[in-house]
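Subject: Structure handover

Hello,

The structure we discussed is below, with the sequence.

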Amino acid sequence: MNCLNTPLRLIKAIFLIAAFAITTGAGAQNSLKSVVTTDQVRAELMAQAPDGAGAGQPVWVGLQLTHQPEWHTYWKNPGDSGLPITLAWALPEGVSAGEIAWPLPKKFPIGNLANYGYEGTVLLPVPLTITPAFKPALLGNTLDIKLKATWLVCRLECVPQDGEFVLQVPVRGSTALNSAAFAASVKSQPTELESDSQVTVEGKQLKVSVAGLPPALRGRQLEFFPETPELIETAGAWSQQWTQVAGVDVWNASVPLSEHREVSPELLPLVLVSSTNGQREGFRVQAKLLGSWPPVVSATGSSAAAPATLTAVQNATSGAPGAALSPPVSIGLWAALLGALLGGMILNLMPCVFPVLAIKVMSLTRHAHDRRGHRISALAYSAGVVLSFLALGALLIGLRSAGEQLGWGFQLQSPAVVAALAVLFTVIGLNLAGVFEFGRFLPTAVLSLEAKNPSVNAFLSGVLAVAIASPCTAPFMGASLGLALALPPLEALLIFTMLGIGMALPYLAVSLFPAVARALPRPGAWMDTFRRAMAFPMFATVVWLVWVLGQQSGINGAAALLALLLALSLVLWSLTLKGRSRIFMATISIATLALLTGAIGQNVIKMATASELSSKAGNERWQLWAPGRVEQVLATGAPVFVDFTAAWCVTCQYNESTTLANAEVLADFDANKVTLLRADWTRRDPAISAALAQLGRNGVPVYVLYQNGQAPVVLSEILSVQEVRAMLAKLKSS
């Protein structure tokens, strides 16, 4: 009975066992290289250093993307949908990277939309500045360059991808292997043009005038690419002409402004491109605004000041042509704090928290008639919950500030985290089932420390509760979490604190009312039976986690994890034997675990490619969500219902197997000719993160109805048949 609630012992043992089980695979996954190949793109990190990479020498690095036919990636302004390519460099001290020297983009019309980007082969060069503070690598005398790149590659469907690259450039000697590629990239970049250029706004038209272009361009039709996103109707009809003012040739254009414009720049950078016999020549100008911009109209019809720049979140949102987009939910800080408190309390009733109830209930019974111990345990558990929410919130805010598109539950988008949790719950289950006792493995000093500090167990129970509960979004939490990431860090952390207080509050309240504790049965022999029964919720959690990992690493990853869990269970059992049997079986089982880890461990944490996975959205009724897909459907006049979901979100799975599988609901969808899209966030997807942020959310589940001429309608997290049918009834009556 000394192992009813021993997270302290568990954590120490798990670090030894789980690390041994999955570390080899993790090393294989994190190995870096200069080339990453997917089904759609070959990406390679290149460098050019004609005179070596010493201080003051000209050094260029760049990511070259070679697209498969019909696939394309995006420019700095992606157009109506998509996401720009991003490059995040890790460089030694004394070395800094400049901005991407963007080559000339192309325009890709898609129905009544258009995007800007690249196809074929394109190199994105970046200059490096090397100062005397740079110290070469001790081994090899090289400049070590690391790059984390993300891109969205699209055809009719879109696939978010990323890659990690490493390259070593010699400090002495020439690196000119890629000179031809860099030279071609220089030729494909626009020429900076000092000219008298200006823009004015007349009604719904942007009037552009550019003087000082080369005389050879006189009379030619030019392509027009604004660098500022969401300013113009990218696919709208526009006109251009040449005039003369005081003997100077001036190129003029009239371009329709976007109905959903959210920016009012005083200086508008433009790229103009001339094409002759397949040869493209570009010029970049900075056009100054004359006059003023009209006020930006919000989704409610009121005027609002527009921000000067757009974020990647706004670049990737799915808006309806001819409809006002719904801005992020705007609620006050006090309302967000109250919502976070209520949401945290309700989180205790969500399905994803059920496995942790075993530990919480057993702790209650253990201290049921020890009032002081009960209160100390409750306070320690509450501290673990609140501090864990704060830590997760701080990590999420920090990563998003660094440019990562992440949302609530982001940790379960990592196969390594999912696998580690599966190992953790397997060991908990085996311990509860009586297969082994931690007391046989841990030193006496650790056991005595645990006995003297039971509050540490309660604290770690709170940490464990948050780890397994964090993927869920309970009612009232959605808007609060969405607002948190738009607030200053201190205010955002206050919201995460209230979430933790809300989750811990019921358990804390029970400890303050002795009558509740006295109503619990007294400790006795029944507790051993109860303890063993509580092993089964743990094993059920492992089943769920293996299924989640299968959505990320494919069937081979799930099978590999099951094999490793079986081998780990054999190790734990063998260590409970006595005499020579223990030595023999432990040696065989540990060797088996080591061999399996080396042979199949990498399959556990390796992200499967899209072609290796059969998406649950790929059926006749539900279609895959992709950036721009909502607009394409709305352009046909049909309404769209989007299910933002994830395999690790138990609430999502419950809603999908009940409400969204209900025959009456599906019949109403069919009767109203609603197109059903499913955005699967099981694997990390910056485009889905961006779309959620535009809706004022950063976690799943989220259910949204889009229709022409109206703002999107966001439904509740716990979806009911009555709510969906009522929404569809309003759609039919309108």
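Contact here means heavy atoms within 4.5 Å. The model is a predicted one.

L213 touches L193, L222, W242, W251, L272 and F283, leaving aside residues up to four places away in sequence. L213 also belongs to the largest nonpolar core, which has 67 residues; together with L206 and W251, L213 is among those with the most contacts inside that core. Strand β10, residues 142-154, gives this core its largest share, six residues. There is a second, separate core of 35 residues, and L421, A535, A558 and L561 are included in it.

Now the surface. L338, L342, M345, I501 and L505 make a nonpolar patch of about 360 Å². Two helices, α4 (333-347) and α11 (489-512), each supply at least two residues of the patch, and the largest share, three residues, comes from α4. M345 sits in α4. Its relative accessible area is 31%, so M345 is classed as partly exposed; the range for that class runs between under 20% for buried and over 50% for exposed.

S382 counts as buried because its relative accessibility is 8%, and the cut-off for buried is under 20%. Not counting residues up to four places away in sequence, S382 touches A504 and L508.

Regards

How values were computed: Residues numbered from 1 in each chain as written. Predicted model: local features only at pLDDT ≥ 70, side-chain atom pairs only at ≥ 80, totals over all residues. Heavy atoms only, no water. Patch = residues over 30% accessible without salt bridge, like charges linked within 9 Å, V, L, I, M, F, W, Y side chains within 5 Å. Areas by Shrake-Rupley, 256 points an atom, 1.4 Å probe, with all protein chains shown as cover. Salt bridge = Lys/Arg side-chain N within 4 Å of Asp/Glu carboxyl O. Helix = DSSP H or I, 4+ residues; strand = E, 2+ residues; numbered from the N terminus. Buried < 20%, exposed > 50% of the residue type's maximum accessible area, 1.4 Å probe, protein only. Core = buried A, V, L, I, M, F, W, Y, C linked by side-chain atoms within 4.5 Å.
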